[in-house]
Amino acid sequence: MNFIAWQMLTGDRAKYLGLIFAIAFSTFLMSHQVSIFCGLMNRTASQIDDVRDASIWIMDPKTQYLDEVKALTDQDLFRIRGVPGIEWAVPLFKGTSRAKGPDGKFRGVILMGLDDATLVGLPQKVTLGSAKALAEPESIAVDRVGYKFFFPDEEPRLGRTLDLNDRTLRIVAIVDSSAPFVNLPVFYTRYSQAIQLVGRERNQMSFVLAKAAPGVSDAEVVKSIQERTGLQAQTASDFGWTTIFYYIKNTGIPINFGITVFIAFLVGSVVAGQTFYLFTVENLKQFGALKAIGVTDWRIVGMILMQAIIVGAIGYCLGIAMTATFFEATKDNLDLRGFRLLPQIMLGTAAAVFFIIFLASAASVRRVVVLEPAVVFRG
Amino acid sequence: MDNGLQNAVVCQGVLKNFGSGDEEVKVLRGVDLTVPLGEMTFLVGPSGCGKTTLLSVIAGLLNASGGSLEVLGTPSSTLKGGKAVEFRRKNLGFVFQQFNLLPALTAAQNAAVPLLAAGWDRKKAEDKARALLDELGMGQRAKATPNHLSGGQQQRVAFARALIHEPKLIVCDEPTSALDADTGHHVMELLRRVAVRPDRSVLVVTHDSRIFEFADRIAYMNDGLVTRVALKAEIPKGDSH
């Protein structure tokens, strides 16, 4: 009987393709928009993720997220270093500045000031040059986006200069940093140099980065810091989520993306449901004949569900393939860094599609189950 | 039947009502009818007299509201739910007015449906269907889908579907109403030749007096009752053949 269900489904090409298109379109829209949303939310915490050496972030008690900070004092750093369980703690500056290229082109940049001695906070992947060269005076490391903006038609090379705050800085390294929420270039320099470049306030230290001593958990250290200094401390992972939730709670991004995903779900459900229902209604006499001949209700329900699962599976695969193709095609676009199709999104979309085909087939199943087989004797 | 059964169907005072209270409609008002094995019995009468309802009740597609009904020796009251479906699958063959073939299946696949419903292997079922279609003169068209077949050809595929599982009772609802006179005559000849056997009965509901000559007996219905049963010798000849 599965063969009959398959033949009935594919026999009406227009409806069969219509069903698959509806599911594929819905799948594409849902998975694509959720991927973009997740990518965008990940971007809000990307600079936390880029700091791999330190697992604990310490900040002003009222800090809500990464991009809005109140500076700490030098005394705070010393007090933190005195907390038991801390292996080391270093300052981190995060601010913005304006950089000007040799041709006069300028752009706002995110400036990260790294501890002079350790350079903790520099992204792991240095694609050109050396992190050690940042020890040289008037040196700077830039990310690929920054280099491409200021030197668009050039192969990356070291020694090029940029002006920040009337000081000329030499590029000594090009790093592969994650895309920030606001897609500005990210520059890295020593802490001492960063505060000279942009410093106007009395205190300059945005964060302190710390690492727990061997045998001591991050959670214990976080608790100790808070108790002993009154400062806010979070693990890198927690701070990342704090930042993400800040954006979710305080911006219209989730609502806008949520509306799109909901519309995709609704369109998928309505179009697939209506087409599938019409398909069943048009075959009602045939289903009635099968019931009269002696095919059980359960078998017919199985046939309908099989048809629904086939169109759902094909539509889902096509939709996911479209989304994957989009991200594969755009993976080298620096402005779209960090946007990708995650396995969790594929699973979530699969669940949504399963729900869509469940809705689509429910009305059809009901219609066939209540169908009296005697209907076949009515001309 | 080999158990000494003489009649495929025995109806005694069969009632069928639709609706209830003031809106109740009595469609069958106490039908008495015997359909012997080895014969082709026609059920005739004016529109709305209850022919199709009686056919549906006999076929187990509708439950009688009262009276007694035995089909192939089995009281219909003992056939409920899954048992009724299984009984139909094993013992009944159906021919419908509009053929009701599945448009996406070939003639052979359509004819094989009752075997597939019974769990047969697809290849074996289709092989048997092709052999039967060959017997019905449709061997060359076994791979054609219904929309590439004429009305007469479609009805022959429907006959194959009704016969393939060798049922004991074949019920036909207006089998010639969608066909022209010549084709109708030919398919009834064919049905009589291949379907009527000593251990099988064919029950035909029809309006078409041109095919009355194929009946062994005719039960005349009016207003929910069988008013008269005519045997072959008493049946008037059709007006066109």
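A residue counts as buried if 20 or more other C-beta atoms lie within 10 Å of its own. Leu72(B) has 21 such neighbours, so Leu72(B) is buried. The model is predicted.

**Chain A overall**

- Chain A contains 12 helices and 10 strands.
- Its radius of gyration is 29 Å, whereas a compact globule of 379 residues would have one near 21 Å.
- Along the principal axes, the C-alpha atoms of chain A fill a box of roughly 95 × 50 × 35 Å.
- Of the 379 residues in chain A, 43% are buried.
- Take the contacts in chain A with a separation of 6 or more: 83% of them join residues 24 or more positions apart.

**Where chain A meets chain B**

- The contact involves 20 residues of chain A and 26 residues of chain B.
- On the chain A side, α1 (2-11) and α10 (284-293) each supply at least two residues.
- By class, that side of chain A has 12 nonpolar, 6 polar and 2 charged residues.

**Helix α1 of chain A**

- Four residues of α1(A) are buried: Ile4(A), Ala5(A), Met8(A) and Leu9(A).
- They cover an arc of only 135° around the axis, so they sit on the same side of α1(A).
- The cover over the buried residues of α1(A) comes from both chains. It includes α2 (13-44) and α11 (297-329) of chain A, as well as α4 (113-117) of chain B.

**Four-stranded sheet of chain B**

- This open sheet has 4 strands in the order β2-β1-β4-β5, with antiparallel pairing.
- β2 (25-36) and β5 of chain B are the edge strands, and each pairs on one side only.
- β4(B) and β5(B) pair over 2 bridges, in the antiparallel sense.
- Val71(B) is placed opposite Thr74(B) in β5(B).
- Helix α1 (residues 51-58) of chain B packs on the sheet and touches β1 (7-18), β2 and β4 of chain B. The direction of this helix makes about 60° with that of β2(B).

**Six-stranded sheet of chain B**

- A second open sheet has 6 strands in the order β6-β7-β8-β3-β9-β10, with mixed pairing.
- Its edge strands are β6 (92-95) and β10 (225-231) of chain B, each pairing on one side only.
- Direction ignored, neighbouring strands of this sheet are turned by 20° against each other on average.
- Strand β3 (residues 40-44) of chain B runs parallel to strand β8 (residues 201-205) of chain B, and 4 bridges join them.
- Leu43(B) has Val205(B) in β8(B) as its bridge partner.

**Two non-glycine residues with positive phi**

- Leu72(B) is not a glycine, yet its phi is positive, at about 55°.
- Leu72(B) lies in the loop between β4 (66-71) and β5 (74-75) of chain B. Its 21 C-beta neighbours inside 10 Å make it buried.
- Asp166(A) also is not a glycine, and its phi is a positive value near 65°.
- Asp166(A) lies in the loop between β6 (161-164) and β7 (167-175) of chain A.
- Asp166(A) has 7 other C-beta atoms within 10 Å, so Asp166(A) is exposed. The cut-off for exposed is 12 or fewer.

Key:
Residues are numbered from 1 along each chain as its sequence is written. Chains are lettered from A and ligands numbered from 1 in the order in which they are written. This is a predicted model: local features need pLDDT of at least 70, side-chain atom pairs count only at pLDDT 80 or more; totals for chains, interfaces and linings use all residues. Two residues are in contact if their C-beta atoms, placed from the backbone, lie within 7 Å. Ala, Val, Leu, Ile, Met, Phe, Trp, Tyr, Cys and Pro count as nonpolar, Asp, Glu, Lys and Arg as charged, and the others, Gly among them, as polar. The arc is that of the directions from the helix axis to the C-beta atoms. The radius of gyration is taken over C-alpha atoms; the globule rule is 2.2 Å times the number of residues to the power 0.38. Two strands pair if DSSP finds at least two bridges between them. Axes are lines fitted to C-alpha atoms, for helices over the stretch in contact, and angles run from 0 to 180 degrees between N-to-C directions.
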